[in-house]
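Please read it alongside the sequence and the coordinates.

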Amino acid sequence: MRVVFLGATKGMGRALARRMAERKDELFLLGRNLQDLEASAADLKIRGGHERVNVGVCDLEDSDRFAPALEAARAAMGDVDAVVITAGLFAVQEKLESDLDLTRRLLTVNFTHTLLFCEHARRMLLARGGGTLCVFSSVAGERGRRPVAIYGASKAGLSRYLEALDHRHRAEGLKVVCVHPGFVRTGMTDGLKPPPFAGEPDEVAHIVLRAIDRGTPLVYAPRMWALVMLVIRWLPRFVMRRVGF
Amino acid sequence: MSTTLNPTGTDRNGAAEPRLCGWGRRYVPGREIRSEDLESLTRDVVLSRGLGRAYGDSALPPPSERVVAGTTLADRLLSFDADHGWLRAEAGLSLLELNRLFLPRGWFTPVSPGTQFVTLGGMVAADVHGKNHHRDRCFGEHVRRLKMRVADGRIVECGQDLLSDLFRATVGGMGLTGHILEVELRMKRIPSPWIWQESLRIHDIDEFIDALKESGPKWPYTVGWIDCLSRGPKMGRGILMCGRWAERPLAPRKPPRLKKRIPIPFELPEWVLSRRSIKLFNELYYWKHQPRFKKGIVHPESFFYPLDMMLHWNRIYGPRGFTQYQCVLPESAGRGAARRFLDLLTRKGGASFLCVIKDCGEEGSGLLSFPRRGMSIALDIAIRDETQRLVDELNEEVIAEGGRIYLAKDSFTRPGHFRSMEPRLEEWLEVRRRWDPEQKFRSAQSVRLFGDRP
C-alpha cells in the first residue's frame, strides 16, 4: 500500500505509521517540521527494514500547501492508495475560553482545514478510481460535554462530514474511515487524568490498520469505547447535566 | 506486534496528590510529564525518568520538586549501520522494543540487565551490567555518543573522545549531570536468536565461587541463583546458569515469539512473604532443578528476563514495598568474602526470595559505575521495621571487604557509608560542579546520599 500520512511523527499517528512500515507499506510523511519528519522517516525505515519512506513539509494551518504537498507525494510514490490524517490541535476548555485566537486556530485546523485537505485528497483518490481516506476524529464530538465544548464541536463537524463523504463516494471506490479514539495516553493528553479504559497508541494503531484494510466507515479504538459511547449517546440530557462531564 | 510501554510507578487514582515511586513501590509526591519532544520537555526539569525500574529513589524528584521528565514517548530509532552495528536512538526507547526489532535480525544489545522494561537513557544513567560482565563489562563501554541537555541549557554531544569528563560522569551518573536525549551504541551480532544453556545444581557457596570463576572464560553469559536461607554446610547452595547464543545448526529455525506475560493483579498482603514461604520457595526452586546438570536450547526471554514473565511482580512484596540490596565484593577481599557476607545475612535473618550472584570483570570507565572485579550479590528484601538496620550492617560488612553498592537499587544507604565505599565520588562531584554548579539536576537519591539542596 502507498500511503500519504499527515501527522505520523507523534502519538497515535506514530504508532500507526510504524505498523504500516513494518508490514512494508510505502509511506510519504507530511508535517510541519522537516527535521522532525526526517527523524520519523529514519525510525520507520529502520523498523520496516526498507527505504520506502519519504517526507514533505505541509502544515495544516496553511491550506495553500495542501494541493502541492499531495501532488509531491503522488509524484514521489507514483500512485497513492490511501491518505491518513492524524494531525490536529487539542487544548483544554479553560485555555480555549481564555484565548479566542487559539480557539479560532483550533477550529480552523481541526475542521475547516482538515476538511479542505480531505477535499484535495478525495479528488486525487477519485481520479485514480478510488482508495482509502482515513481521518482521526474523536469521541469528544458525540455529545456536547462540558470539558470539551469547543474541541468536541470541531470534531463533531468533522465526523459528520466524513460520514457524508463516505455515503457520497463509496460507490465510486472511495472508502472513508472515520476513527473515534477514546482517551489514549499520548503526549497530547499528557497531564489529563486518564479515565477508565484509557488506551495505548499501539492498541489504537492495531485496530485502525484493520479498519483501513477493510474499509470500516466508523471505528472506535480502543474497542471498549464503542460500548462506552453507546451508553453516552443514549444518556438523556438531564442526566448529562447532572453527571457534569 | 509493536509494544507500547507505560512507565510503572505512576499513580493518580486513590491519592489526592499524584505520587511516584521506584520499582520498590515506596511512594513520594510527584508526577511525570511526557512528550515526544525531549528537547522542549527537559528545559526546566530537574531529572529524567525512563520506565521507573530503579528500585529505590534514583528516579524520584527531590523533596522540593514535584515534576520529572518521562522519556518513554521519545522512542525513535535514528540511524543504524548494519555493517558495524552502530545504532542511534532517542533515550526513551525501551529494551523490549529494541529486542523485538533486532533479535530476529541477528543483533542484540551488547549488555542487557535482568529486565527488558528499561529505556536506553536509563541503561546509560545506571550503567547497567548483565550476565556477561566478566567479559564485556558495562553498557557504557559500548556507547559512543550521548546527546544531552546540560545545566546551562545547552544541548551537547559527548563521548569517550569528546567532553569526556561529562561523558564519564554521566555513564553511571544516575541522570545527575543532565538529561540524556539520545544514545549511540554498538549492537552485537549474534548467530541466532536462541540461547544454548547449561545449568548445574551447586552444593555450597565455595563451590559456587569456583564454578563461576571456572565458567567465566568459557561462557559469555553466567549467573547464579542462591538460596540465601540455608545455613551451615548448605549455605550458598543454588543453581549456576551458563549460556551462549546458539549456533545456527543447533537453533530452531523460527525466531522466538514474545512470551505471554502473567500480571500480578493486585498487591499481596504482607503475611504472604513470611520466612516460611520464602524457605519453601527456595527449597522447591533448588530441588526442581533435575537432574543435577541440564543443557539445551532456551528462549532468550527466559534466559535473560525470567521475571519479566510476571507483570507488576513488585506487588508481591505488599503495601510496604521492598528494596534490593546489591553489592560487589572485590577480588582483593578473597574467596571467603561471599561466605562471610552470606553468613552475616543469614544470621541477621535477611530472607530473600531471589538472591543472584554474578562474576564481575574490569571496572567501567563511568566515574560512579557500580561493578568492579569480584563477585556481585543481589537480594530482594521486603521492607520491615528492621530493614534500615539490616542494610546498615550489610553496608558495614561491604565496606570492611572494600566493596560497594549499586545506586540503581538503593534506598537505605547512609551518606557516610556511601562515601567510605566510593573513593571515586570526589572526582565525580568535581566534574558535576563544573557542569552544574548550582545543582540544577538532582533526585531524591542525590539529596539523601550526596547532600544536594532539597
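How many residues of chain B are in contact with chain A? In this predicted model, 16 residues of chain B are in contact with 19 residues of chain A. A second contact surface lies within chain B, where 27 residues of domain 1 are in contact with 28 residues of domain 2.

**Chain B against chain A**

- On the side of chain B that touches chain A, two or more residues each come from strand E4 (31-34) and strand E7 (77-81) of chain B.
- E7(B) gives the largest share of that side, with four residues.
- By class, the side of chain B that touches chain A holds six nonpolar, six polar and four charged residues.

**Domains of chain B**

- The domain assignment divides chain B into domain 1 (77-190) and domain 2 (195-419).
- Taken over C-alpha atoms, the centres of domain 1 and domain 2 of chain B are 24 Å apart.

**Domain 1 against domain 2 in chain B**

- Helix H4 (133-136) and helix H5 (164-170) of chain B each supply at least two residues of the domain 1 side.
- H4(B) provides the largest share of the domain 1 side, three residues.
- The domain 1 side that touches domain 2 of chain B is made up of nine nonpolar, eleven polar and seven charged residues.

Note on methods:
Residues are numbered from 1 along each chain as its sequence is written. Chains are lettered from A and ligands numbered from 1 in the order in which they are written. This is a predicted model: local features need pLDDT of at least 70, side-chain atom pairs count only at pLDDT 80 or more; totals for chains, interfaces and linings use all residues. Two residues are in contact if their C-beta atoms, placed from the backbone, lie within 7 Å. Ala, Val, Leu, Ile, Met, Phe, Trp, Tyr, Cys and Pro count as nonpolar, Asp, Glu, Lys and Arg as charged, and the others, Gly among them, as polar. Domain bounds come from an automatic or database domain assignment.
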